[in-house]
Every structure is written in structure tokens, then in C-alpha cells.
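My entries follow the order in which I looked things up.

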Amino acid sequence: MRSTKAERRKKKLAERARHQRQLETKTPEMRKGIVASDDGTETNGGSTVSTREIDSVAMRATQLGVTVPDGIVAIPNDFFSTANATELNYVANTLTVKALLREANIELQLVENNSTPIPYIHNRDSTWVAPILFVSASFLSENPHLISVALNVLSNYVTDLFKGGLIKPRVRATFVIEKTSRKTTLRIDYDGPPEQLHTIENTIKRALQ
Amino acid sequence: MSETAPWDSTAAMLRDAESVVQQCLPLTYASCDAQLQSDAINTLNDLAGKVNVFRQSAAEKLDEFAANTAFVCARYIGGVGRFLEMWLRFKSDEMNTAWNCLVDAQSEVNCALRFCDDGTLRYLAQSLQNAEGLLFPPQQFVSSSLSYTSSVCTICDGVYGECGHVAGRLYLGVMCSERLNNGVQLGHLALVDSPADKGCRVTEFQNGVHMHCSLTRLPIGKAVLHEKGLRFSAVALRSRPNSSNESDDSSVRPK
């Protein structure tokens with residue numbers, strides 16, 4: 001049996017209202033195709049950004065017997081997991097990032113082991129891995145644009161480095177940020193194409209709120 | 001004192017280089033005569049030598065544009081030359097060398113594409129990609145982990161990270177990279193899908209009691225049997241021939 005014109009119109013209006021309700025419940029990130037899961041991981045196209053709370057950098061430094069300078073600091077790999085400072089190492093791109101940030105008038109400091117120098121490790125695969133960058137709460141409040149500038153510098157460099165290639169490049173970057181309000185430390189990991197690296201700025205801003 | 005520059009302008013160099021390369025490109029196919037391909041390689045080598053002299057001369061005059069253009073031009077010439085050499089080696093049944101020529105050609109062309117988005121270069125890159133898939137079986141690549149405590153800049157020999165140069169950028173026709181100082185230690189080897197250098201790969205693998213070539217699949221000798229696993233041989237690190245070093249995709253280079 002065919003529905004009347006009034007019934008069809010009523011059905012159409014109900015569908016439109018349902019669609020509107022769905023749109024209103026979606027966050028701006030969801031509308032852009034960003035999918036968030038309960039474990040703090042967001043996927044957006046080819047990239048993954050994960051956020052989690054970790055031990056404080058100062059506490060880990062005391063346990064390992066290393067010195068963490070003020071400012072924006074490159075943290076060695078395994079800093080949050082190893083029990084022995086001799087097992088620490090930096091990713092090979094640490095010095096390149098240091099040179100790049102210096103061009104933007106940002107002085108990158110390195111964690112120092114008081115007894116032996118921390119070696120650099122170069123894994124000869126095609127993923128470009130940035131060092132873990134730590135910014136203290138006090139330094140970040142004095143330099144609110146620091147993250148934005150650093151991300152732009154890294155993103156531009158890596159995009160240029162892989163320009164023209166047939167294989168899609170991959171970048172891994174990690175930021176460790178202190179949150180003043182709850183005195184917690186957050187670790188934000190990015191894994192994805194270089195051109196989307198700047199998108200973690202929003203994740204960092206949201207995490208700091 | 002360097003030799004006299006073979007061209008008086010960058011445009012003249014590009015015109016001559018383009019003319020020679022366009023004559024060689026039609027020979028980058030399997031059916032083309034080996035002697036013609038060999039002659040083309042010699043012509044390209046001569047041209048690459050002249051472009052290098054021009055690059056050095058431009059660098060002495062602090063002409064950044066000319067020197068950098070010559071660098072990119074040399075990568076283009078090198079890419080075509082290595083592609084031709086790949087065919088020669090392939091037809092001579094020298095598969096390992098043919099593979100290395102292909103990988104070097106890809107490296108040269110990809111490096112040129114970074115600085116010059118050109119249709120011919122893109123076509124060449126795609127042809128090389130197609131050749132890899134069609135001529136050789138899929139390879140298992142290897143990534144080595146190198147540990148070091150200090151490195152120097154290849155532009156100024158200063159301490160890398162302090163000198164102001166950045167790996168992967170061009171400075172007066174020379175690509176900056178980080179040269180590792182003595183005391184480099186090999187940490188581990190990993191089997192990967194996307195290595196920094198496709199020349200680093202498993203070259204021989206054990207199948208039964210024999211070792212087999214990963215390119216020809218032919219048995220190449222008896223395997224030394226091991227109770228707990230299978231043996232394989234791999235190239236973990238390799239140096240690039242001639243000018244290819246300058247276009248190494250990796251920004252870190254062992255001494």
C-alpha cells in the first residue's frame with residue numbers, strides 16, 4: 001500500500017532530525033574523520049596519535065642518576081623503562097633536530113649521563129624517527145608557541161626530505177609534557193605521514209586543558 | 001685549482017645534459033643492443049664528469065644555484081647510467097650486480113626528484129619501480145643498528161649538530177650528511193620491509209641442505225646445518241660507488 005504524501009513528509013523530517021542529532025553529538029574531530037578509542041589512541045587516515053600518563057621526568061632522572069637540563073630537552077630512548085643509565089641511547093636524528101631547532105632560535109638541550117656519554121643509535125630503515133622531546137610546564141608557560149614552532153620545523157624538514165619519492169614515508173615523533181594543573185606528565189606519540197605531523201598540536205592542546 | 005668549467009652558464013649545461021640524456025633514455029629497455037647501451041654509459045660517464053667540474057667551478061664562485069643545479073643534474077645522469085648498467089648486468093646474468101645497479105639508479109632518481117619535480121624523472125622513477133617488481137623476486141631487506149658517540153658534518157668537518165649545517169640539505173652543490181667517527185658498533189640486524197638501502201638484503205637462504213641465491217633461487221653450495229634454525233647470509237652495510245654516495249637517502253653515513 002502506498003504511503004500518503006503527509007506520511008512521506010513526516011518520515012523525511014524525522015530522518016533529517018535524526019541526522020542533525022548525530023551531527024550535534026559528534027565532536028569537531030569526529031567530523032574530520034578522527035576516531036578516538038578508550039586507551040587514548042586517535043587514528044586519522046594514515047596516522048596514529050596516542051596519549052598516556054607516565055612517570056615524572058625528574059623522578060626518572062633521579063632514579064637513573066642523569067641530569068635533565070631546563071628548556072626543551074631531548075630524552076633518550078628507554079628513559080622511562082630501563083633500570084640502568086648505561087642502556088640509554090638517542091635516536092640518530094637527535095643532532096639533526098638540534099640543528100633544525102637552532103635555526104628557529106630554539107636551543108635543544110640533551111639529557112646527560114654524568115659517568116659515560118649516551119650513544120646515538122641509527123637504525124637503517126626508512127622511518128624517520130624524531131627524538132623524544134620533553135618540555136617542562138614552567139618552560140611551556142613562558143613559551144606558549146614552542147610546540148607549534150617545533151612541529152612546523154620538523155614537519156617542513158621531513159616533508160622536504162621525502163619529497164618526490166614513490167614510497168609513502170613514515171615519521172615517528174614523541175612529546176613529553178608536564179601538566180601543571182594535576183602535576184602529571186603526559187606522553188604523546190605520533191606515527192604517520194610527515195604532512196600530518198602538525199595535527200598532534202591539537203592533541204597536545206587538548207591534553208593540557 | 002679546478003679545471004675550466006665546460007659551460008659558461010647553468011642553462012647551457014642543462015641544455016647539453018638534457019640532449020645527451022634524451023638520446024640515452026630510449027636505450028633503457030631490455031631488448032636494446034648491449035653495445036649501444038655500453039656506449040651510452042660511457043657517454044653519460046663523460047657528461048657526469050663535466051657536470052662535476054661545472055659544479056666545483058660554481059661552488060668556487062659561491063654560485064649556490066648553479067652548483068645545486070649541477071648536483072641534481074648529476075643525479076639524473078647517474079640514474080640513467082645505472083639503469084642502463086642494470087640491463088647490461090642483467091643480460092650478462094650478473095644478478096647481484098644488476099640488483100645493486102637498480103637500487104643505485106632508484107636512489108639517484110629519487111634524490112633528483114626531491115629537488116626537481118620533472119615529468120621525465122617521475123616516469124624514470126616509475127620505470128625503475130616497475131623493473132624491480134618484474135625482474136626480481138621480492139627481497140627480504142635488512143636494517144642494521146649502528147651505535148656511535150660522535151659524528152662530524154661532511155660539509156665543514158665540524159661537530160655535527162653544532163656547526164649549523166643540516167643533513168639532507170644542499171650546500172654549494174654538496175649534500176650534507178653526518179659522518180660517524182671511529183668506534184661505531186653494530187648493534188643488531190632487523191628484517192624489515194622498508195630499509196634505508198635496498199642493497200642491504202638477504203642474499204642467500206637455506207632450503208634443505210643447500211644455500212640458495214635469493215635472486216636466481218639456484219643452489220649455491222651446501223649449508224652448514226644448525227640444530228635450532230635455518231641459515232641466511234645478508235648484506236648489512238654497503239658503500240655506494242662513485243658519486244652515489246652524495247645522494248645517499250640516509251642522512252647518516254658510516255666512515
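How many of the 255 residues of chain B, as a percentage, count as buried? I found that 47% of the 255 residues do, where buried means under 20% relative accessible area, exposed means over 50% and partly exposed lies in between, with a 1.4 Å probe and protein chains only.

Before going on I noted that this is a predicted model, in which local features need pLDDT of at least 70 and side-chain atom pairs count only at pLDDT 80 or more, while totals for chains, interfaces and linings use all residues. Residues are numbered from 1 along each chain as its sequence is written, chains are lettered from A and ligands numbered from 1 in the order in which they are written, and side-chain values use heavy atoms, with hydrogens and water left out.

Chain B, overall. I listed five helices and eleven strands in chain B, taken as DSSP runs numbered from the N terminus (helices H or I, at least four residues; strands E, at least two). The C-alpha atoms fill a box of roughly 65 × 50 × 30 Å along the principal axes. Of the contacts in chain B with a separation of 6 or more, 69% join residues 24 or more positions apart, contact meaning heavy atoms within 4.5 Å.

Chain A, overall. I looked up the corresponding entries for chain A and found seven helices and twelve strands, with 44% of its 209 residues counting as buried.

Helices H1 and H3 of chain B. I then turned to H1 (residues 10-24) and H3 (residues 64-91) of chain B, whose axes come within 11 Å and cross at roughly 10°. This makes H1(B) roughly parallel to H3(B), a label given to angles under 35 degrees, whereas those over 145 are roughly antiparallel, 65 to 115 roughly perpendicular and the rest oblique. The residues making the contact include B:Met13, B:Leu14 and B:Val21 of H1(B), and B:Phe65, B:Tyr76 and B:Ile77 of H3(B). They divide into 13 nonpolar, three polar and one charged; Ala, Val, Leu, Ile, Met, Phe, Trp, Tyr, Cys and Pro count as nonpolar, Asp, Glu, Lys and Arg as charged, and the others, Gly among them, as polar.

B:Phe90. I also checked B:Phe90, which is found in helix H3 of chain B and is partly exposed, with a relative accessible area of 22%. Leaving aside neighbours within four places in sequence, B:Phe90 is in contact with B:Met95, B:Ala98, B:Leu135 and B:Phe136. The C-alpha atoms of B:Phe90 and B:Cys101, eleven residues apart along the chain, are separated by 9.7 Å.

Conventions
Axes fitted to C-alpha atoms, helices over the stretch in contact; angles between N-to-C directions.
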